[in-house]
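I am opening my notebook on a new model today.

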Amino acid sequence: MPEIAAVVVLLAVGLLVLGGLASGVAAAWGSSGAFGPGAGEVLAGSSIEIGAEWADPVLAMVLLGVLCLCWWQVDGWSSASDHGDPVDMADHIVRSREIAGWVSRTLVLTLAGSVALFVGVVLANSRAGSASSLIWSRDIYEAASVLAVTTIASGGIWASGRLRTRSDVGTAGIRAG
């Protein structure tokens with residue numbers, strides 16, 4: 001069941017990414033055109049922003065939770081080497097390792113989306129009539145969001161690498177026993 005939950009979360013994230021991409025393209029394509037100085041940058045920034053709304057620290061935290069679930073599965077199946085079919089246990093470990101790899105790639109994609117969101121916000125705000133704190137405060141928040149996603153993604157990618165090593169040891173221990 002934990003493996004199914006992890007795959008469901010990854011599929012949901014994939015749908016968010018595809019929906020964001022479609023929304024960004026629709027926003028850019030459906031506009032009537034840019035008028036005035038800097039209007040093209042604002043339109044491009046807004047389209048990028050709409051397309052990357054999904055890439056935030058909360059999503060990265062959910063993905064980190066899925067990675068923790070994979071870690072828990074690998075530890076559980078590795079320590080249960082005296083109980084059950086060794087081939088079945090090794091299969092669970094390998095599946096968890098593969099899911100963890102997909103989570104790592106999804107964290108990288110989320111980081112890229114977060115950077116795109118920041119770029120979109122900055123572009124959309126670049127031609128604002130005044131340098132109001134309401135405008136640049138959004139830039140500050142999005143910069144902090146990129147840093148948060150970077151931190152979570154870095155930790156997740158590191159943990160995924162460690163999980164790969166643990167799963168190799170776990171499957172070797174099961175097959176040897």
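I began with burial: a residue is buried under 20% relative accessible area, exposed over 50%, and partly exposed in between (1.4 Å probe, protein chains only). This is a predicted model, where local features need pLDDT of at least 70, side-chain atom pairs count only at pLDDT 80 or more, and totals for chains, interfaces and linings use all residues. Residues are numbered from 1 along each chain as its sequence is written, and side-chain values use heavy atoms, with hydrogens and water left out.

**Entry 1: the whole chain**

I looked up the elements. The chain has five helices and zero strands. I noted how these are found: helices (H or I, at least four residues) and strands (E, at least two) are DSSP runs, numbered from the N terminus. The order from the N terminus reads α-α-α-α-α. I checked burial next, and 34% of the 177 residues count as buried. Then I turned to contacts, meaning heavy atoms within 4.5 Å. I took the contacts between residues at least 6 apart in sequence; 85% of these join residues at least 24 apart.

**Entry 2: two helices, end to end**

I compared helix lengths with the expected span, which is 1.5 Å times one less than the number of residues. Helix α1 covers residues 2-30, which is 29 residues. From first C-alpha to last, α1 reaches 41 Å, close to the 42 Å expected. The 23 residues of α3 should span 33 Å, and the end C-alpha atoms of α3 are 33 Å apart, which agrees.

I listed the buried residues too. In α1 they are E3, A6, L10, V13, V17, G20 and G24. In α3 they are P57, L59, A60, L63, V66, L67, C70, Q73 and V74.

Before reading angles, I noted the method. Axes are lines fitted to C-alpha atoms, for helices over the stretch in contact, and angles run from 0 to 180 degrees between N-to-C directions. Angles under 35 degrees count as roughly parallel, over 145 as roughly antiparallel, 65 to 115 as roughly perpendicular and the rest as oblique.

Helix α3 (residues 57-79) packs on helix α4 (residues 86-125) at about 165°, with the axes 9 Å apart. That makes the pair roughly antiparallel. The crossing of α3 and α4 is left-handed. A crossing is left-handed if the near helix is turned anticlockwise from the far one by less than a right angle, and right-handed if clockwise.

I looked up who makes this contact. From α3, the residues include L59, L63, V66 and C70. From α4, they include M89, I93, I99 and V103. The contact divides into 14 nonpolar, six polar and no charged residues. For these classes, Ala, Val, Leu, Ile, Met, Phe, Trp, Tyr, Cys and Pro count as nonpolar, Asp, Glu, Lys and Arg as charged, and the others, Gly among them, as polar.

**Entry 3: α1 against its partners**

I set α1 beside α3 first. Their angle is about 155°, and their axes are 10 Å apart. The two are therefore roughly antiparallel to each other. α1 passes α3 in a left-handed crossing. The contact includes P2, E3, A6 and L10 of α1, with L59, V62, W72 and Q73 among those of α3. It divides into 13 nonpolar, one polar and one charged.

Next I set α1 beside α4. The angle is about 25°, with axes 11 Å apart. That makes α1 roughly parallel to α4. This crossing is left-handed. E3, A6, V7, L10, V13 and V17 in α1 meet residues of α4 that include H92, R95, I99 and W102.

**Entry 4: single residues**

Leaving aside neighbours within four places in sequence, E3 is in contact with Q73, H92, R95, S96 and I99. E3 and I99 are 96 residues apart in sequence, but 7.8 Å apart in space, C-alpha to C-alpha.

I then found R97 in helix α4. R97 is buried, at 15% relative accessible area. Not counting residues up to four places away in sequence, R97 touches R164, S167 and D168.

My last stop was V122, also found in helix α4. V122 is partly exposed, at 32% relative accessible area. V122 and W136 are 14 residues apart in sequence and 8.4 Å apart in space, C-alpha to C-alpha.
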